[in-house]
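Reader: Before we begin, may I ask for a plain explanation of the terms, each set against its definition?

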Amino acid sequence: MLRIYGTYIKKIFRTKSVVFWGLAFPLILGTLFFAAFSSIYGKQSSKTMRVVVVGENAETHPFVAVLEKLTYENGSKMVDVSFATEEEAKGMLDREASRDKVEKAIVGISDDDKKETKSVIGIIRLDSETDVTLTISENDMYQSILSGIVSAYRTKADLMADSAKRGPEAAAKAQESVSKDMEYIVNQGMAGENKDPYVPYFYNLIAMMCMLGSTTILDMIVSLQPNCSNTGLRVGASGFSKLKYEVGVVLATLTFQLMCTGVALFYLLGILRIRFGGETMMIILTAGLGALLGNALGYFVAHIGRFTYGVKNTILMLITMLGGAISGLYAVQLKAAVEEAAPIVNRINPMSVITDAFYSLNIFGVGDRFYRSIITLLALSAGLFLLGAVLSRRNQYESL
């Protein structure tokens with residue numbers, strides 16, 4: 001088995017196309033992502049959020065006072081508050097949502113124009129000191145931050161109400177405490193260790209890299225099948241255990257993929273300084289398990305029926321490309337749409353599982369959700385390897 005392992009390690013590294021697609025292409029794509037996204041977040045990360053407040057005596061409501069005190073880490077104002085009736089506020093939100101769609105369709109709109117068209121992103125209704133509700137036009141980073149602010153206030157509203165009964169001084173201290181709590185939520189915990197909304201593209205890049213590794217093992221395993229190559233005829237006619245032979249090949253391709261993943265992580269984290277969010281060792285663990293899942297997928301597809309290599313490779317590419325689209329490689333918002341419409345798809349899509357592990361690590365840290373993602377990666381890998389092994393044993397050839 002060790003001899004087979006060594007032979008296929010050499011074969012993989014001598015195949016220029018495998019090295020390019022497995023290592024060079026992800027590095028090139030990562031560089032392009034970095035060039036495209038690195039300056040965007042810096043310009044948007046301290047945008048003032050414009051909200052419309054509705055309700056009787058809204059101007060004197062404690063929540064409005066808290067909103068007006070909120071600032072970003074760089075000192076810029078976080079929320080711009082205006083007041084309107086229910087009908088006026090709804091009309092403003094609808095108009096701004098429509099205008100945003102038009103602006104996204106216009107190519108070349110200048111930064112100055114964007115500053116002038118500062119959108120209303122939400123309506124806050126104040127029915128009482130403790131009853132605060134939020135309506136938003138769409139779900140993006142700023143709406144998520146605003147939702148967190150409202151949620152934080154509602155959890156502290158009872159404290160403020162009790163403090164108000166004890167006098168103005170106690171009420172002022174409670175309000176200051178609530179304001180600090182919400183600043184912490186926005187600046188530290190609301191969007192995880194890295195609040196950059198473009199970092200999921202790099203999660204998907206690593207996931208895609210893991211899935212591209214599946215093509216390497218597909219190529220190697222199919223070449224061992226008697227109906228696909230002369231090498232397969234010789235292996236089939238020999239007395240050597242086919243399972244042991246395949247284990248050696250799997251270990252070789254997995255080693256190559258782990259090396260490629262390690263180089264990519266070093267480049268992204270160490271050279272480009274991309275902050276994935278979370279502990280570095282957990283990031284490496286997640287990427288390694290992603291590579292394992294990619295190899296398991298390629299191994300499984302390689303044993304589906306007695307199709308030619310071209311057919312099996314097409315099947316694998318469809319799974320990879322469609323899975324990449326669903327996981328948000330081409331548009332991050334698509335994953336959220338799939339999660340809402342058919343969550344089971346994200347649970348079985350290999351790329352979605354890998355990206356969700358990274359996302360959980362960034363947003364929630366090492367906890368229950370991250371562990372669930374890791375267990376899912378291990379379970380899918382074990383299941384695909386097991387199914388591939390069963391199919392391998394069932395493929396018998398009457399003559400060689």
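Author: Let us start with handedness: a crossing of two helices is left-handed if the near helix is turned anticlockwise from the far one by less than a right angle, and right-handed if clockwise. The structure is a predicted model, in which local features need pLDDT of at least 70 and side-chain atom pairs count only at pLDDT 80 or more, while totals for chains, interfaces and linings use all residues. Residues are numbered from 1 along each chain as its sequence is written, and side-chain values use heavy atoms, with hydrogens and water left out.

Reader: How many helices and strands does the chain have, and what makes a stretch count as one of them?

Author: The chain has 16 helices and four strands. Helices are DSSP runs of H or I of at least four residues, strands are runs of E of at least two, and both are numbered from the N terminus.

Reader: Which handedness has the crossing of α11 and α12?

Author: The crossing of α11 and α12 is right-handed. Helix α11 spans residues 280-302 and helix α12 residues 309-327; they pack at about 140°, and their axes are 9 Å apart. The axes are lines fitted to C-alpha atoms, for helices over the stretch in contact, and angles run from 0 to 180 degrees between N-to-C directions.

Reader: Which residues of α11 and α12 meet?

Author: From α11 come L297, G298, V301 and A302, which meet K312, I315, L316 and I319 of α12. A contact means heavy atoms within 4.5 Å. The residues of this contact are six nonpolar, one polar and one charged.

Reader: Why does E87 count as exposed?

Author: Exposed means over 50% relative accessible area, buried means under 20%, and partly exposed lies in between (1.4 Å probe, protein chains only). E87 has 63% relative accessibility and therefore counts as exposed. E87 is in helix α4 (residues 86-105). Its C-alpha atom is 9.6 Å from that of V54, which is 33 residues away along the chain.

Reader: Is Q257 buried or exposed, and how do you know?

Author: The relative accessible area of Q257 is 1%, so Q257 is buried. It belongs to helix α10. Beyond its neighbours within four places in sequence, Q257 contacts M209, C210, G213, A291 and N295.

Reader: And why does C210 count as buried?

Author: C210 counts as buried because its relative accessibility is 0%. C260, with a relative accessible area of 3%, is therefore buried too. A search of the whole structure finds zero disulfides, a disulfide being a pair of cysteine sulfur atoms within 2.5 Å.

Reader: In what order do the four strands form the open sheet?

Author: The order is β2-β1-β3-β4, with mixed pairing. The edge strands are β2 (79-83) and β4 (132-136), each of which pairs on one side only. Two strands pair if DSSP finds at least two bridges between them. β1 and β2 have five bridges in the parallel sense, so they meet that definition. β1 and β3 also pair in the parallel sense over five bridges, whereas β3 (residues 120-126) and β4 pair in the antiparallel sense over five bridges.

Reader: Which residue stands opposite V51, and where?

Author: V51 stands opposite G122 in β3. The bridge partner of G122 in β4 is I136.

Reader: What makes β1 largely enclosed?

Author: Five of the six residues of β1 are buried, so β1 is largely enclosed by the rest of the structure. Helix α3 (residues 62-69) lies across β1 (49-54), β2, β3 and β4, and runs at about 145° to β2.

How values were computed. Nonpolar A, V, L, I, M, F, W, Y, C, P; charged D, E, K, R; others polar.
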